[in-house]
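Please read it alongside the sequence and the model.

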Amino acid sequence: APKSRVPLPAEAAADGWSLLMEATCAGGSDAVEARVRSAATPGFDGYLRDLPKAPSAPSGVTVEFVHPEWQATGVVPLSRFQTDTRAPVGTSPTSWDFQVRANAASSGLDVALTTPDLSSLPNHLTATLVDLDGGKTQYLRTTQSYRFALTGETPRRFRLVVEPRSTSALRLSSLTVVPTRS
C-alpha cells in the first residue's frame, strides 16, 4: 500500500508547498517529500523540517534524501532523511538529490517513480526529474511515471529540479540554415 503523505508542521499551511516522490515495485512502495518553506536553508533545518528516514522494510524499495554532509558537520547524527526542506525557489533552480534502492539484493527489480500530486506546486514553477545514473530527464507536469530497473544493491540516483517557468513558449538550442532551390 502506498505510504501516506508526511504530516507538515502547522507553519506549512500558508508558508510553502511540497512534492511527494513515490517509488513503487512488486514488493511495496516508499516515498520522500521535497518541501519549500520561507525560513528554510539549504542545510539541516532541524527535525521539524528535515525528518529522519525510518528503517527500511525487508523487501521492496526505499526512497531517501542522503546528506552525509549534514552528518559530517556534527549537528545531526544521521544522513538519511524522509523530508528535505529548502527556501523558496528564486530566479535560479532549486534541486533535491535523492536515491532509490532495493531493500534486498535484486537481479532486476522493476520500479515506477511517480509524483502523485502536483497541485501544491505554484503555476509559475516547473518540476523536472533527472535520472543521474540513466542520463534521462522528464518534465513532471506531463509525466505519469518514470520506470527503471534496480540491479544488485546499487542505489539509483535522481535529482528533482524546480525552477521558474520559461516566459517563452519555445526554446531554441541550435539553428541550422539549409539552402533550398528557388
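W96 is buried, with a relative accessible area of 0% (buried means under 20% relative accessible area, exposed over 50% and partly exposed in between, with a 1.4 Å probe and protein chains only). The model is predicted: local features need pLDDT of at least 70, side-chain atom pairs count only at pLDDT 80 or more, and totals for chains, interfaces and linings use all residues. Residues are numbered from 1 along each chain as its sequence is written, and side-chain values use heavy atoms, with hydrogens and water left out.

**Aromatic pairs**

- The structure holds ten aromatic pairs; rings of Phe, Tyr and Trp (its six-membered ring) pair if their centres lie within 6.5 Å, and planes under 30 degrees apart count as stacked, over 60 as edge-to-face and the rest as tilted.
- One of them joins W17 and W96 edge-to-face, at 6.2 Å centre to centre and 70 degrees between the planes.
- This pair links distant parts of the chain, with W17 in strand β1 (residues 16-25) and W96 in strand β6 (residues 94-102), 79 residues apart; helices (H or I, at least four residues) and strands (E, at least two) are DSSP runs, numbered from the N terminus.
- W17 is buried as well, with a relative accessible area of 8%.
- The rings of W70 and F81 have centres 5.0 Å apart and planes at 65 degrees, so this pair is also edge-to-face.
- Because W70 lies in helix α1 (residues 68-72) and F81 in strand β4 (residues 80-81), the pair ties together parts eleven residues apart in sequence.
- W70 is buried at 5% relative accessibility, and F81 is buried at 0%.
- One aromatic cluster is formed by F65, F98, Y146, F148 and F158.

**Sheet**

- Six strands make an open sheet with antiparallel pairing, in the order β4-β3-β6-β11-β8-β9; two strands pair if DSSP finds at least two bridges between them.
- β4 and β9 (136-139) are the edge strands, each pairing on one side only.
- β6 and strand β11 (residues 156-164) run antiparallel and are joined by seven bridges.
- Opposite W96 stands L160 in β11.

- Q82 lies in the loop between β4 and β5 (83-86), and Q82 counts as buried at 11% relative accessibility.
- The Q82 side chain makes a polar contact with the K53 side chain at 3.0 Å; a polar contact is a pair of N or O atoms within 3.5 Å, where within protein one must be able to donate a hydrogen and the other to accept it, and residues adjacent in sequence count only if both atoms are side-chain atoms.
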